Amino acid sequence: MHRKLSQSIVGPLPTPHFFESFVNPGAPGILSKLKRVLKKTFSRITTRSTPQDIQSQLMDAVSTRGFCSNYVLKSDGYSQDVISEKLRPSLCLYSRDDEPLEGSPDWINLEIMVDIHSDESADPFPSPSNVSQNHSCPINKSAGQLVLDNLERYLTALFARQHRTSTLALCIFGRFVRFLYVDHAGAVASEAVNYVANPRILAEFFWRYNHLSRIERGFDPTVIPATQAERRRLTQAVTHYLQSVGSTDRVNPKIRNTLAKDYPTYKVEMVSESSSTKTEYIIRKPCAESRHALGRATRGFVALQVSEGASDESPDVLVQRLVFLKDYWRVPSSQVQKESESYKELEEHDVPHIPSVVSAGDVYTGSRVQRSQTQRVLRMKNIQLVDPPTSLPQHIHHRVVQQLGLPLSSVRNARELVQVMRDALEALIDGYTNARLLHRDISDNNILISPIERPDGLRRGLLNDWDITCKVPPGCTTILPRSGTWRFMSCYLLHERHVSHQIYDDLQSIFWVLLYTSARHFRHSGYFWLDLFDEERHFQFNDGTEFTKGGSSKLGYFDIDEQCPVFRCRALNDLFTKLRALWRDYHDSLRSRKPHDETRLQQISSRLLKIFDMTLHRRCADDWVGGDWVPDLYAEWDAGQKEETIVTPTLNSNNQMNVGMSIDDNRREVKEEKRLEHANMERPSSDTLISSPNHTTPFIRRGCKRARGDLGDASVPACPPKAKRYRHSPEIVLPIRRSQRLIDRRGL
């Protein structure tokens, strides 16, 4: 749900238009007071100047010429023309009131970053021809990509530490400068200007910035620094909460991050759309955040609700006012509801197992909603843009405040996990049948555990994150393409190209979340192939469209017993056996083209709930094994994986979903390099026989092109020490005795 910077740049925008649109002080007559700028201000900069030379002259001009009297340029350690691991921009602009000491950049108070490169051909931004505007040499694409990668990392660090709607930046390539405006929709680049020949342009930028208000500089006015007393109360509340529910990493893996001392404490003003009441919350470091500057940029905070006139409250009272604050930038669409509206409808229809929402709505600056501005440039008249993005959706700032829940990995035993998943299933079914809302993003991060323990000793589940929900009228089916977290999407959505997202896909995602969590945290025999969750094959068609396909390994899991882990908990094994049979019958009905109407949905839903209820009602001593929870059995597996892929549809010019497209590569991040410890393992042939860790039945791996690393864990029980363990190939791993029949059935 994010866009790469290189795919979201609009330009080149003429410098006067850029200044008028993004660096325009509200006070009249400011520009007329700019003094004459000497032509020789940057005369010592030549094509042979080093970045250090450019850096020193720029710092000298800003500090002595009076361009920017309220701010100071600081060098926090020069960043070379390659990606800096320490994230140090060449120059940083700070307010004189917040000027840091020498050393690493202060991302909390940084106003503008300046990235300096001596190579004029490294300019990667749009220009009217294949030769960069006013430049004497062609563009160096490899060097330009490094510039963009470095800049994107700087922007990510800035947006992570500050609460901003946008920011400005400068990129200098030898004698030329580009001005950048960046928000969550993308970036606008100005034309390349020779600031050595025309130093007034650079002076005018700093002069204009010097007279911008805090809001005009891109800061969110609804977020202000907290007082010392408010910081102390947040610390007391979180500390007491950790003591009351358990402070181990298993129970609260990220909540303790809230008290990080290197993050400032803020007070957030929130206005609820439903009641129009204003409430304030104290936050510090997010316990969950996106690693990307552009796009939704979701951040989750443990927040303390401010109570008027209460300065000396007991820790127990403070804990009761702890909530979860979700902050992100949504893409408005006529086909996707706002999350605040979704929760309101769920509450009106009494849908169970939904987090109680305290406040929710779009964020406003005065009477205007906070929205991105980059997409406006695409509609500017008389502006010649070079290779503009085909779609640059608008983003609107949105917040949701709800009850605090625990992560799914904090379950205490298998029975509690089954109960939590059963509650999420009931919420999903009732939300669709009663409120007609389709969730469309079932994942392990979106299923929470209520910290309140019931009389039966079990905690209950909560289905969270209804932020890409769509409304499905009765008697209709959705026409929206697939969306959600790739790892937990249904076989049908992953495998077929022109299909729409249906309620059955979300129901099956519940199964994959249950299997994924069980395999990682509950004892089982053998080594389970987690790569079936991330199977991908990429296709490009004659019309130029691309499609990423998966789901074959998942489909094989329903048919092949040898691929199933055997858990110590007998009730959990029986549950998976029944669920696999149900979904095997479902896919058989798809092949026979049986209709899937409301009656069929009711049959599958009631059967699913009955299977979970019968499992939970088992009371034999051998059914539920105590102490079967273990730390993550596959922690090392994560080190070699790409980032979790979120699939979302694109928007067309009418701000509607592109139905014909199943995945947009602009909105998915795939790491090009996979960090594997054993990269030099022997390569098996196309028909290599591999002995299964679980059974003695030989397996044949068809089309396996390379061995991809030993991901075994010595702590996994009953795994032969000499057995070679390979990751899944792009094709299904099939037992010899059934392979031909299954290949014929699926047409593989």
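A: Buried means under 20% relative accessible area, exposed means over 50%, and partly exposed lies in between (1.4 Å probe, protein chains only). This is a predicted model: local features need pLDDT of at least 70, side-chain atom pairs count only at pLDDT 80 or more, and totals for chains, interfaces and linings use all residues. Residues are numbered from 1 along each chain as its sequence is written, and side-chain values use heavy atoms, with hydrogens and water left out.

Q: Is Cys92 buried or exposed, and what is its relative accessible area?

A: Cys92 has a relative accessible area of 0%, so it is buried. Cys92 sits in strand 3 (residues 91-95). Helices (H or I, at least four residues) and strands (E, at least two) are DSSP runs, numbered from the N terminus. Val114 is 22 residues from Cys92 in sequence, and their C-alpha atoms are 6.1 Å apart in space.

Q: What share of the protein is buried?

A: Of the 748 residues, 58% are buried. The secondary structure comes to 15 helices and 31 strands.

Q: How do I read contacts along the chain?

A: Contact means heavy atoms within 4.5 Å. Take the contacts in the protein with a separation of 6 or more: 72% of them join residues 24 or more positions apart.

Q: At what angle do helix 10 and helix 11 cross?

A: Axes are lines fitted to C-alpha atoms, for helices over the stretch in contact, and angles run from 0 to 180 degrees between N-to-C directions. Under 35 degrees counts as roughly parallel, over 145 as roughly antiparallel, 65 to 115 as roughly perpendicular and the rest as oblique. The axes of helix 10 (residues 503-521) and helix 11 (residues 552-559) come within 13 Å and cross at roughly 80°. The two helices, helix 10 and helix 11, are therefore roughly perpendicular to each other. Helix 10 brings Gln508, Phe511, Trp512 and Leu515 to the contact, and helix 11 brings Lys554, Tyr557 and Phe558.

Q: How are cavities found, and how many are there?

A: Rolling a probe the size of a water molecule over the atoms shows where empty space is left. On a 1 Å grid over the protein atoms alone, a cavity is a set of points where a 1.4 Å probe fits but cannot get out; lining residues have an atom within 4 Å of a point. Grid points are joined across faces, edges and corners, and a volume is the space filled by probe spheres set on the points. The whole structure holds 10 cavities of 30 Å³ or more. The second largest cavity has a volume of about 160 Å³. It is lined by 19 residues, and Phe159, Ala160, His184, Ala297 and Arg299 are the closest to its centre.

Key. 1 Å grid on protein atoms, 1.4 Å probe; cavity = no way out; pocket = protein on both sides within 12 Å on 5 of 7 lines; lining within 4 Å.
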